[in-house]
Amino acid sequence: MRYQGKVNAPPFPAGLDWLNTEQPPRLEDFAGRLLLLDFWTLCCINCMHVLPVLRRLERRFPTELAVVGVHSAKFPHERESAAIADAVARYGVTHPVVNDALQAVWRSYAVRAWPTLMFVDPAGKVIGRIEGELGEDDGVRLVEEMLAEFRGAGLLRPAVPAATPEQGRGPAILHYPGKVLADPENYRLFIADSGNHRVLVAALDGEVQTVVGVGVEGLADGVLEGALFASPQGMALAGETLYVADTGNHVIRAVDLEAGVVETVAGTGAKGGHREEGGAGLEVALRSPWDLALVGRTLYVAMAGSHQIWALDLDTRVMQAVAGTGAEALVDGPPEAAAFAQPSGISADEDGVLYVADAETSSIRSVDMRSAHHVGTLVGAGLFDWADEDGPGGPGSVRLQHPLGAAYEGGYVYIADAYNHRIRRVGTDSLTVSTVAGEGTAGHTDGPLHAARFSEPGGLAVGDGVLYVADTNNHAIRVVDVAAGQVTTLPVDF
């Protein structure tokens with residue numbers, strides 16, 4: 001194959017915000033190297049899947065390949081450089097990233113979808129693109145082939161690009177916590193300390209009692225203090241067994257709190273495809289499991305990466321998709337014909353009806369697997385319908401913006417409305433949506449409910465009459481006491 005570019009790569013416009021670099025780079029700064037432009041947006045699960053591939057390529061070809069991230073936002077919140085900086089720190093991105101807030105770079109390269117990888121040869125010519133995800137092995141083979149041709153033609157001039165990784169703003173204890181689970185009966189709070197690749201077991205007053213995981217990214221079972229996780233998210237508790245959606249590893253883990261051991265119960269450790277078949281849990285490749293809900297002995301999984309709801313039978317250890325075709329859309333109807341878009345939060349009521357925070361459609365969905373056999377929509381309208389609105393509900397009225405968490409309690413679904421920086425609730429009968437807490441601007445402010453500020457809250461749990469919120473970009477757990485009308489920050493510490 002010959003990689004001969006015919007079109008000059010458009011230059012980066014002046015005046016854009018850049019991250020991970022001291023000076024805005026120019027295209028000519030990458031002359032003599034293969035340049036890979038990664039067009040992404042921080043909400044997109046497929047974009048998240050590409051980032052580990054890019055890290056592998058950067059490690060393998062450090063002097064001949066240069067990667068530049070072009071962050072072209074989908075949601076309004078994603079146009080803010082501070083939000084991108086948090087995403088860069090959360091996902092461990094070390095190459096330069098430009099905030100293409102108005103999609104000027106996107107348009108100049110005629111990009112059509114997230115993610116898109118654009119290749120520019122050492123002479124500054126566009127030589128091709130890949131729309132969608134790129135597998136790690138395929139990526140290595142493709143780049144090796146390109147570099148071999150350029151090397152043979154004498155076009156390569158290896159160099160090491162200067163990059164200054166963004167630093168996370170978190171304190172020592174928590175780093176981008178994703179989800180939280182309350183166990184008021186035993187005065188416990190489970191915290192998915194996602195950025196530190198571990199799970200904390202704390203008292204409801206914030207005192208950490210047990211640390212599950214080394215705190216280094218990886219996949220290893222065994223004793224609590226030796227286990228390895230990768231960006232764990234949702235959790236569910238069955239007796240003294242804590243189930244964890246180990247998102248970055250694409251597996252489900254079981255933490256035996258009495259025996260003090262961690263076991264993988266589903267997933268192979270490899271990222272699954274879009275249309276995986278069910279089967280024995282340890283033989284099925286999962287795709288970014290994001291949250292969990294337990295109904296009897298069935299563990300339901302919000303499978304963000306395949307846009308489906310899956311179920312693991314805890315007795316037989318058989319796992320299969322139970323709702324969603326795998327298409328990314330908002331489609332109601334029978335579970336096998338319905339469609340979701342990056343389901344990221346899940347909770348169940350007393351009758352076993354599931355409520356799902358369907359992030360990319362900014363909606364809250366209901367999944368009745370027991371009686372009606374139906375998927376419905378409480379709030380939301382579609383992939384490109386979002387706002388910051390309360391009011392009488394129904395699928396076509398009020399709007400959210402990329403909700404990530406859902407927790408059912410007493411006829412209401414409480415919502416972590418991440419990109420609106422609010423905690424909301426919707427009545428399961430009335431469908432009326434109201435703001436519980438949050439002024440609507442990113443920040444970290446305690447006090448009266450509607451004056452408090454959150455920053456991309458990612459998960460929440462109801463317990464002991466209050467809401468516990470994983471306030472992700474504030475590296476904090478917040479406590480929302482509706483009766484007292486106050487929001488406070490939980491002092492999580494050892």
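How many nonpolar, polar and charged residues does the lining of the second largest pocket have? The tally comes to 18 nonpolar, four polar and four charged. In this count Ala, Val, Leu, Ile, Met, Phe, Trp, Tyr, Cys and Pro go down as nonpolar, Asp, Glu, Lys and Arg as charged, and the others, Gly among them, as polar. Before going further, note that this is a predicted model, with local features needing pLDDT of at least 70 and side-chain atom pairs counting only at pLDDT 80 or more, while totals for chains, interfaces and linings use all residues. Residues are numbered from 1 along each chain as its sequence is written, and side-chain values use heavy atoms, with hydrogens and water left out.

Back to the pocket. Its volume is about 630 Å³, and 26 residues line it, with Leu 181, Ala 182, Met 235, Leu 294 and Ser 347 the closest to its centre. The strands β8 (179-183), β13 (232-238), β18 (289-295), β22 (343-348), β26 (405-409) and β31 (457-463) each put at least two residues into that lining. Strands here are DSSP runs of E with at least two residues, helices are runs of H or I with at least four, and both are numbered from the N terminus. Pockets and cavities are found on a 1 Å grid over the protein atoms alone: a cavity is a set of points where a 1.4 Å probe fits but cannot get out, a pocket is an open set with protein on both sides within 12 Å along at least five of seven lines, and lining residues have an atom within 4 Å of a point. Grid points are joined across faces, edges and corners, and a volume is the space filled by probe spheres set on the points.

Among the residues lining the largest cavity are His 274, Arg 275, Ala 285, Met 303 and Trp 310. By class, this lining has four nonpolar, four polar and three charged residues. Ala 285 sits in the loop between β17 (279-280) and β18. Its relative accessibility is 15%, so Ala 285 counts as buried; the cut-offs are under 20% relative accessible area for buried, over 50% for exposed, and partly exposed in between, with a 1.4 Å probe and protein chains only. Beyond its neighbours within four places in sequence, Ala 285 is in contact (heavy atoms within 4.5 Å) with Thr 268, Ala 270, Lys 271, Gly 272 and Glu 276.

Now for the nonpolar interior. In soluble globular proteins, nonpolar side chains tend to be buried together. A nonpolar core is taken as a set of buried Ala, Val, Leu, Ile, Met, Phe, Trp, Tyr and Cys residues joined through side-chain atoms within 4.5 Å. The largest such core has 45 residues, and those with the most contacts inside it are Leu 34, Leu 36, Trp 40, Leu 57, Leu 117 and Phe 119. Elements supplying at least two residues each include β3, α1 (45-60), β4, α2 and α4 (136-152), with α1 giving the most, eight residues. Leu 34 touches residues including Leu 65, Phe 119, Ile 127, Val 143 and Phe 150.

Helix α2 (residues 81-90) is mostly covered, with seven of its 10 residues buried: Ala 83, Ile 84, Ala 85, Asp 86, Ala 87, Val 88 and Ala 89. The cover over these buried residues includes β2 (18-19), β3 (34-40), β4 (65-71) and β5 (97-99). Just after α2, Gly 92 takes a positive phi of about 70°.

What about disulfides, and how many does the structure hold? The count is zero, a disulfide being a pair of cysteine sulfur atoms within 2.5 Å. For Cys 43 the closest cysteine sulfur, in Cys 44, is 6.1 Å away, too far for a bond. Cys 43 is buried at 1% relative accessible area, and Cys 44 is buried at 7%.

Most residues other than glycine have a negative phi, and most peptide bonds are trans. Asn 20, in the loop between β2 and β3, has a positive phi of about 65° and is buried at 0% relative accessibility. Tyr 187 also has a positive phi, near 55°, but is partly exposed at 42%. The peptide bond from Trp 114 to Pro 115 is cis, with omega near -15°, and Pro 115 lies in the loop between α3 (104-108) and β6.
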